[in-house]
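Q: I have a structure here that I have not looked at before. Can you walk me through it?

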Amino acid sequence: MKVDWTTFWPRIVEATGETLYMVLLTLIFGSILGITLGLLLFVTRENNILESKITFNALNLFINIIRPIPFIIFLVALSPLTRIVMGTTIGTTAAVFPMTIAAAFGIARIVETNLISIDPGVIEAARAMGASPFQIIYTVLIPEALGPLILGLTFVTISLIDFSAVAGTVGGGGLGHVAITYGYQRFDGSVMIVTVVILIVLVQLAQWLGNALSKKILRR
Amino acid sequence: MIEFLNVSKSFETPKRDVHAVKNVTLTINKEDIFGVIGFSGAGKSTLLRLVNLLEKPTSGVVKVNGTDLASLSSKELRTLRRRIGMIFQNFNLFTSRTVAGNIGYPLKLEGVSKAEIERKTKELLSFVGLSDKANDYPEQLSGGQKQRVGIARALATSPEILICDEATSALDPETTADILKLLKRVNAELGITVLLITHEMNVIQTICNRVAVMEQGEVIESGDVFDVFTRPKHTTTQRFIQSVHQDIPSTEVLQEWKGNGGQHLYRVLFKGAVTNNPLLSEVTQKHGIHFNIVYGSVREIQQQLFGNLVVSFEGQINDVKKVIDELALKVDIEEVLADEG
């Protein structure tokens, strides 16, 4: 069958909006949670400002258990919890919850890696100047790691566009939902191509924005 | 004033315990420029970090202006750390902040007002000679300029003590000289006590008034720079002194001298007031002996002259002996053997 494009375009626009909504909300909540976890992982490491073997090992193990789970399985496995937290498992808003959790663990690792690459001498200098652990976190660790952190978050944003398409297949809405229902289930290649092109454009935009921002911060 | 009272620090590693600092007792007086010298791994870096408790002593007491650091709460310790500036071999500047941002950082931690931070930063930039670099980022600066920023940042909270961790080791000789001059000004103009660690004897010779030599975690020799320089007791100290000043000719030259039938050589040390008199010439003339200066130098250390001459005497053996005995009453004199150099 052929698609009626006059009624279909508004559907595409709506789906793009849903995808952006899922990605942006996930990025915001996932970053808050992920940066917190990443900082916690870093500062509790051996010889660091808030060294705690128990916290570090527990967190490390937990992240290692969650991260290898494929997102589509994670999404389904988490659905009872999603229902408790969001009240439903269907719809765009409901999809944000599992996406946020999955993204947070990925972001935590990225944050941890970026923080490890900070020269320990700079942290020592701040300690010598009488900075408290909390002051070190927000006046040294975050500003010093911000440039690479933005590149890391750009990378995550692109994965989130992918996640959102997966979430779309199980009732999350968005471009993924459109691509699957029209393109895959109804064998309409043209719809598939349109959604894929839009996804490519979104990825390009995200990458361009991320590069520009990090360039401004890193001054190179 | 900084006091180390029988201080030790060891680190536990999976293989074995490392005793970085062993039973160190030292006093650094107010307004000293105190240098700790040692080869790498001697424990001097750990010793320095005990002063602001970046490292906690395993045993013993470290006192700063009479306060035992270990007795402080973490909040009190942070306040005290602002009275102790610190500079580093690799500068450790914040790459995300400008020069002015780096210098103002410790004041920001203290909650000082923006206007006051700006005023103080300006004053410090002018003190270290970088007024035109306020808005540059660290990567735009040379090594010497980075260390100047490091010094300005360390001085921002008006500390009483400045501790320097190999502050000139990453710099070329000319820049080293500039930074040492600046540290001397910090000491002389601001009355700040300076404790520095280094592996370069040149640094000690140029600015320190007192020195301690460390080896394998222990202080093996300490005292006024002039005394330690002119009469080193320990072989390690002698090696450090020879790195900036060779006091006798090399073995090759000594053996050639002997091979050519040269006379016995004597090393004569003139310190302080004796350098004012023509001692060598007086004593040799009295006994009808000629002297020949084979090697040597006269240098200034801590505003005192220090002569180190290697001489031979020509004349009757008995007369030479009299000359040596008479010189020994006023200066240090010892024979130089051919295999010593």
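Q: How much of chain B counts as buried?
A: Of its 341 residues, 50% count as buried, meaning under 20% relative accessible area, with exposed over 50% and partly exposed in between (1.4 Å probe, protein chains only). This is a predicted model, where local features need pLDDT of at least 70, side-chain atom pairs count only at pLDDT 80 or more, and totals for chains, interfaces and linings use all residues. Residues are numbered from 1 along each chain as its sequence is written, chains are lettered from A and ligands numbered from 1 in the order in which they are written, and side-chain values use heavy atoms, with hydrogens and water left out.

Q: And what is the figure for chain A?
A: For chain A, 49% of the 220 residues count as buried.

Q: What pLDDT does chain B average?
A: The average is 92, and 99% of the residues of chain B score at least 70; pLDDT is the predictor's confidence in each residue, from 0 to 100. For the complex, the predictor gives an ipTM of 0.85 and a pTM of 0.87.

Q: How many helices and strands are in chain B?
A: Chain B has 12 helices and 14 strands. Helices (H or I, at least four residues) and strands (E, at least two) are DSSP runs, numbered from the N terminus.

Q: Pick helix α2 of chain B. Which residues are buried there?
A: In α2(B), residues 74–81, the buried ones are L77(B), L80(B) and R81(B). They fall within an arc of 100° seen down the helix axis, so they line one face of α2(B). The arc is that of the directions from the helix axis to the C-beta atoms.

Q: What do they pack against?
A: The buried residues of α2(B) pack against α6 (120–128) of chain A and β6 (84–87) of chain B. Contact means heavy atoms within 4.5 Å.

Q: Back to whole chains. What share of the contacts in each joins residues at least 24 apart?
A: Counting contacts between residues at least 6 apart in sequence, the share is 71% in chain B and 74% in chain A.

Q: What does chain B span along its principal axes?
A: The C-alpha trace of chain B spans about 80 × 50 × 35 Å. For chain A, the C-alpha atoms fill a box of roughly 70 × 40 × 25 Å.
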